[in-house]
Amino acid sequence: MSIRQMIRFPGRSGLGLVALGIPVVMFVFLGFTAPNFATVQNYANVNAQIAALLLVALGQMIVAVSGGIDLSVGSVLSLTSAIIVSVDPALAVPAALMAGLCVGLVNGIGVTVFAVHPLIMTLASMTFLQGLALLILPVPGGDVPDYLEALVRFTFLGLPAAFYWCVLAVVATWVLTSRTRFGLRIFAVGANDLNAARNGVNVTMQRITCYVLCSFGGVLAGLFLSARVASAEPTMGVQYGLESVTAIALGGVLLAGGIGSVPGVIAGTVALGLMTNGMNLIGVSPFIRAAATGLLLLSAVSLQPRKTIGA
Amino acid sequence: MSKDTEQAVSGPEKASPGRTLVEFAGISKRFGSTAALTEVSLRGGHGSVHAVTGENGAGKSTLMNLLAGVHRPDGGTLRLRGDAVTLGSPQDARRHGISTIFQELTLLPNLTVAENMFLGREPLRFGLIDRRAMRRAAQAALDRLDSRISPDTYCADLSVGEQQMVEIAKGIAAEAEIFILDEPTAALNAPEVEKLARLIAQLRAQGKLIFYISHRLDEIFRFCDVVSVLKDGKHVATHPTQELDHERLVALMVGREIGTLYPERRPQPTKRQPRLVVEALAPSAFGCAVSFRLSVGEILGLAGLEGQGQRAIIRALAGIEPPSAGTVSKAGRKSGDVEHLPASIVATARAGVGFIPEDRKIEGLYLPLSIRQNVALGMLRDQSIWQRARISGNAIEQLLAKMRVVSAGSGQAVGALSGGNQQKVMIGRWLASGVDVLLIEEPTRGVDVGAKAEIYGLLREFADAGGAVLITSSELTEVLGLCDRILAVRGGALVAEFTGTEATEEQVMHAALTGGIEQEAVA
């Protein structure tokens with residue numbers, strides 16, 4: 001495949017010069033302008049900062065490729081944080097996973113069986129779950145189980161735990177989306193659900209599974225983040241719903257469905273992470289950072305090809 | 001076998017060459033209160049191309065959907081290779097060796113050819129997709145069709161004809177013995193049709209049974225060995241195509257002779273009153289400027305090979321693709337009342353010129369809206385958007401009844417109607433709006449024979465009542481049968497003019513091909 005073709009139609013990966021170029025440009029730019037950017041310590045920081053977003057964004061990508069969107073995933077992150085300090089430490093992880101499963105099932109069934117628009121469905125569950133998290137844990141605090149803290153604190157071969165979390169999530173999602181039946185079929189469903197069904201794909205099951213996996217991404221991010229700060233916070237995930245959408249849009253995932261890739265999600269997440277990191281280093285107010293994320297989401301989505309797949 | 005041979009003399013069973021592969025025995029199917037199929041019995045054998053034809057709504061699609069596993073019959077038995085089977089789903093049908101190529105192709109644009117061919121039954125190795133095996137099997141299937149399409153191409157990059165080829169290869173890869181082709185040429189251009197013809201011949205040579213659903217008579221005679229005709233859900237007859245000709249087949253389909261397909265033309269007055277005067281109109285896609293008049297009471301046809309500029313001319317006139325030069329003026333009902341038409345679709349519609357596009361589903365109708373709403377749009381033509389809409393429900397109902405639109409009621413979504421009824425709704429919208437000129441691209445594309453006759457009748461009635469109609473059509477018989485005057489188009493220029501009643505197919509074709517040696521003065 002020639003470079004020309006790659007730019008015109010990069011398969012169904014959505015990878016183009018823009019998606020891959022933004023993080024590279026940012027990296028070079030920050031290397032020259034931001035103080036203390038090019039240090040090992042800062043790289044580790046960036047890695048830790050984007051790990052949670054990456055976990056959420058990978059799940060968001062699966063939903064987006066199937067033609068949906070999950071705004072509730074940030075609230076799942078918050079709920080996870082609230083749950084793990086409120087139950088018996090031995091049950092923390094299973095309880096959080098169970099909650100994630102329930103949320104995913106409800107979102108998925110709402111979108112498929114009851115044909116609620118994904119935006120409305122997950123906006124509703126986002127609001128509901130945020131309330132639930134605050135009910136369970138009205139004030140930040142609590143004791144995160146020690147084994148969870150150990151899982152995010154270790155270093156191995158000189159690399160921090162966050163790195164391994166990322167690698168595992170990336171490899172698992174890549175195998176799932178590129179090498180399994182499930183993965184191929186979500187692309188089919190996202191492109192045209194009717195035709196996917198005509199070819200023997202169970203569209204309903206496929207979609208529900210996508211939402212469940214996305215919720216699991218939120219749960220993992222919640223576990224990781226709570227363990228890292230060694231404390232729970234019921235509003236920890238507030239910005240993750242939109243940030244994950246921004247990250248995948250930057251990474252060339254078509255929000256209309258059918259196009260997207262794991263490398264793209266990495267690129268988008270890194271780009272967003274670098275922006276945050278750079279603003280921190282330069283000393284920009286966090287409020288401006290929030291405003292910038294909004295603008296970035298708008299421009300990332302606007303830059304996407306409006307025409308559907310193949311154009 | 002001897003019993004079969006006996007029946008062969010007169011019975012419909014005779015027609016299938018080769019061993020029987022599929023047998024419909026007394027199949028019935030109802031949808032709600034309507035009987036879609038009533039005790040249909042027919043069979044198809046190995047190595048034959050079996051046309052299933054009839055008007056829209058005759059039940060041919062329903063019959064094939066039963067075989068494709070989309071619907072289940074309410075009565076009767078479906079036998080495959082002699083055994084009674086129940087096909088519960090499309091997958092079930094596929095497992096029984098039945099491959100359906102729907103009119104709307106089912107390939108996914110973001111999947112490769114190989115992925116598309118194996119979607120739903122991807123080969124696995126250690127729980128993961130075995131891409132190499134999938135690719136190899138896809139290549140083998142494509143090779144058997146002598147196709148040069150690469151299994152790694154994304155289907156978004158394929159033409160419609162190539163996609164159809166992939167659909168057929170998909171059936172080959174699934175070891176299908178029975179192929180159902182539903183109106184396969186609807187979206188193909190001429191070279192692609194040639195290719196399809198070769199593909200069908202290949203499948204037949206490999207001993208496959210092909211059910212060919214179509215109401216295009218030429219194709220039935222060209223491609224098919226046997227033709228079964230359905231009418232109103234009943235099996236009318238099955239004959240080898242050699243024993244039939246166009247007229248007899250049409251007579252079987254509609255129960256009337258082809259002569260009555262076109263309404264009678266009244267002799268045109270020698271001094272014609274012009275309605276549209278087109279002067280030096282140059283469609284931007286073609287360099288040539290064309291000048292002609294469209295007169296009151298006439299149906300004028302633009303004929304020629306496809307892509308020669310008929311479409312560009314009519315679209316420039318309608319204001320959809322504004323021309324690079326030229327003027328169009330329209331004479332009102334009162335003499336001397338002449339209006340210059342600016343090149344914009346809004347202006348032409350305001351001035352009482354209705355345009356009916358070739359692809360009514362995309363450019364014309366609002367498919368999810370009701371028939372009533374689609375027609376009512378026409379009534380809003382010259383109303384200000386701030387006014388309360390004045391829509392007369394009675395007028396719409398009368399119009400629909402007059403046009404004989406067959407539907408479950410005027411509240412039904414237009415998308416659920418047959419092609420012929422959709423076209424009537426399209427025409428109805430402009431009639432409701434009171435236009436006096438209609439510009440129509442391919443007036444009967446995707447319309448069955450019965451509805452065709454009714455649409456021709458409507459257009460003639462419109463012209464007789466003082467309207468004027470300009471059509472483009474790739475069906476020469478239609479132009480010859482319907483139009484009062486015919487303009488042959490070649491390379492964007494008008495090369496010849498004919499009188500509808502006198503022109504012959506040869507003359508018009510000759511002009512369209514060579515530029516018209518026997519050219520008469522172009523008006």
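**Exercises on a predicted model**

Leaving aside neighbours within four places in sequence, A:Ser13 touches A:Gly252, A:Ile259, A:Gly260 and A:Ser261. The structure is a predicted model.

**Exercise 1.** Find where A:Ser13 sits in chain A, and decide whether A:Ser13 is buried or exposed.

*Solution.* 
- Step 1: A:Ser13 lies in the loop between helix H1 (3–8) and helix H2 (17–33) of chain A.
- Step 2: the relative accessibility of A:Ser13 is 18%.
- Step 3: the cut-off for buried is under 20%, so A:Ser13 counts as buried.

**Exercise 2.** Compare the radius of gyration of chain A with that of a compact globule, then describe the fold in numbers.

*Solution.* 
- Step 1: for 311 residues, a compact globule would have a radius of gyration near 19 Å.
- Step 2: chain A has 19 Å, so the value agrees with the globule rule.
- Step 3: the C-alpha trace of chain A spans about 50 × 50 × 35 Å along its principal axes.
- Step 4: chain A contains 14 helices and 2 strands, and 53% of its 311 residues count as buried.
- Step 5: among contacts in chain A with a separation of 6 or more, 80% join residues 24 or more positions apart.

Definitions and conventions. Residues numbered from 1 in each chain as written. Chains lettered and ligands numbered in written order. Predicted model: local features only at pLDDT ≥ 70, side-chain atom pairs only at ≥ 80, totals over all residues. Heavy atoms only, no water. Helix = DSSP H or I, 4+ residues; strand = E, 2+ residues; numbered from the N terminus. Buried < 20%, exposed > 50% of the residue type's maximum accessible area, 1.4 Å probe, protein only. Contact = heavy atoms within 4.5 Å. Rg over C-alpha atoms; globule rule 2.2 N^0.38 Å.
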